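Q: I'm new to reading protein structures and I'd like to look closely at just one part. Could you pick a stretch and walk me through what surrounds it?

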Amino acid sequence: MLLKNIGESRKEGNDMDKKLRVGVLGATGMVGQRFVTLLENHPWFEVVLLAASERSAGKTYEEAVGAKWKLDTPMPERLKTMIVKNLNDVEENAKEVDFCFSAVDMDKEAIRAFEDAYAKTETPVVSNNSAHRWTPDVPMVIPEINPEHIEVIEFQRKRLGTKKGFVAVKPNCSIQSYTPALNALKDFGPKEVAVCTYQAISGAGKTFKDWPEMIENVIPYIGGEEEKSEKEPLRVWGKVDREKGEIVPAEGPVITAQCIRVPVLNGHTAAVFVKFDKKPSKEEMIERWRAYKGVPQELELPSAPKNFIQYFEEENRPQPKLDVDYENGMGVSLSRLRDDTLFDYKFVGLSHNTVRGAAGGAILLAELLTAKEYITAK
């Protein structure tokens, strides 16, 4: 009942004093831009602070971004004249917000220190960055799959010495197009998985305008992606060890991956091969996919897709051009389930890499954390 009441009160409140005050750290980059567009008119959250590097600080958001606006969606009018703050003014920025989204561009060690610094001001940080994904007491969450991992925050707060502040992260964009599909089939015991992802250029923060060499081209290597694709699902499928105060990754399934950059603007496609302990029928798999729901759907969180996974009978779907915006970019599209000569089955998946895989996934995580009262007004 408490969760329902929180959701109802948020839906009803459109004025500033009923919304949580949000900061976007790294607001000028592509993911930062996606954050501000997705947060426009959000029923629970209001962007009150935009922060970026020293070279952008002191300028209006429109001036700081300039010609580097990378999205088809226009910049929100309300934010065009907002003055961009310096990322490094941690104490001052923290006073203005209830929590922050992080999409900063730094090396991993610097990001960990930076996000911890904000958390220590009693400001929760929901991060798109990879730096904290393997910090044992930082939850890395796909809300439909492992919402219980947020329980580890109590142990992180003890380490940080905070009462409200913490860091939570979302996983890499490349795993979103196949991990939910495998999770829906966990009762059948997936044990061996081979996956090849065909990843859009926006995953590198690029458009065709600033990466013309990607036109009619394929690059068969993306730094760090294969390791993330093989290991991050195991952490998502892990367990909260309360004695250790950390997330212990699952031991399986064994995943091998190849990740390829392709000339697509938005949408990561995955070709997936899977072997099970208990082989299901195709009909059982499709039924599980189409019926799959999680906590975000049960709580009717604002950004939650009503139908998380769709399955196409057509052999030529899903296609990024036609299907990447399924459920406002928050859903996963599957097709071409068929028998395989080495594995039990193979299929194709598609997800939006900068919505579900980045900013949208982080916003959904923040909604979950708000519903569970880990994020509250200061």
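Predicted model: local features only at pLDDT ≥ 70, side-chain atom pairs only at ≥ 80, totals over all residues.

**A strand and its neighbours**

A: Strand 7 and strand 10 (residues 254-261) run parallel and are joined by eight bridges. Residues are numbered from 1 along each chain as its sequence is written, and side-chain values use heavy atoms, with hydrogens and water left out.

To find one of those contacts, go to T197: its bridge partner in strand 10 is C259. Strand 7 also has eight bridges to strand 11 (residues 268-276), and that pair runs antiparallel. There, E192 has K275 as its partner.

How covered is strand 7 (residues 190-199)? Mostly: seven of its 10 residues are buried, meaning under 20% relative accessible area with a 1.4 Å probe, protein chains only (over 50% is exposed, in between is partly exposed).

Now back to the cysteines. A disulfide is a pair of cysteine sulfur atoms within 2.5 Å, and the count here is zero. C259 is in none, with the nearest cysteine sulfur, that of C196, 7.3 Å away. C259 is buried too, at 1% relative accessibility. Another buried cysteine is C100, at 0%.

Finally, let's step out to the pockets. A pocket is an open set of points on a 1 Å grid over the protein atoms alone, where a 1.4 Å probe fits, with protein on both sides within 12 Å along at least five of seven lines; lining residues have an atom within 4 Å of a point. The largest pocket has a volume of about 1300 Å³, counted as the space filled by probe spheres set on the points, which are joined across faces, edges and corners. It is lined by 45 residues, and G29, V31, A103, V104 and D105 lie nearest its centre. Helix 2 gives the most to this lining, with three residues.

The second largest pocket comes to about 370 Å³. Its lining has 20 residues, and R34, D72, L265, N266 and H352 are the closest to its centre. Helix 2 turns up again, with the largest share of that lining, four residues.

Terms used:
Helix = DSSP H or I, 4+ residues; strand = E, 2+ residues; numbered from the N terminus. Pairing = 2+ DSSP bridges.
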